[in-house]
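Hi,

Here is the structure I promised to pass on.

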Amino acid sequence: RRTLTSPASFGGDQRFHILCVISGEARLLACVVLSLSTGKTVLLPASLPAATLQPAPSAVVLDMYPPA
């Protein structure tokens, strides 16, 4: 669980990541730009380079991934 008030990087570590916005809103900047509001979930494939999540103006996000 991360509380974001500024852009943060997710993924890019050869593991898939599942991001779930549990409060607020954010924009995911990766191969595409996605708007994520409360309750929205996105899967970042393991092959994807690091993606940036930009809160608007803040967001609480669950970042779920397999152990290394």
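Let me start with Gln14, which counts as exposed because its relative accessibility is 63% (buried is under 20% relative accessible area, exposed over 50%, partly exposed in between, with a 1.4 Å probe and protein chains only). Gln14 sits in the loop between β2 (8-10) and β3 (17-29), and its phi is near 65°, a positive value in a residue other than glycine.

Before going on, please note that this is a predicted model: local features need pLDDT of at least 70, side-chain atom pairs count only at pLDDT 80 or more, and totals for chains, interfaces and linings use all residues. Residues are numbered from 1 along each chain as its sequence is written, and side-chain values use heavy atoms, leaving out hydrogens and water.

Strands (E, at least two residues) are DSSP runs, numbered from the N terminus, and two of them pair if DSSP finds at least two bridges between them. Strand β3 has several partners:

- β6 runs antiparallel to β3, joined by ten bridges, with Ile18 opposite Met64.
- β4 pairs with β3 in the antiparallel sense over five bridges, and the two form a hairpin with three residues between them.
- β5 is also antiparallel to β3, over four bridges; here Leu19 faces Val42.

Lys40, in the loop between β4 (33-37) and β5 (41-44), is partly exposed at 44% relative accessibility. Beyond its neighbours within four places in sequence, Lys40 is in contact (heavy atoms within 4.5 Å) with Leu19, Cys20 and Val21.

Finally, a cis peptide bond joins Ala56 and Pro57, with omega about -10°; Pro57 is in strand β6 (residues 51-64).

Best wishes
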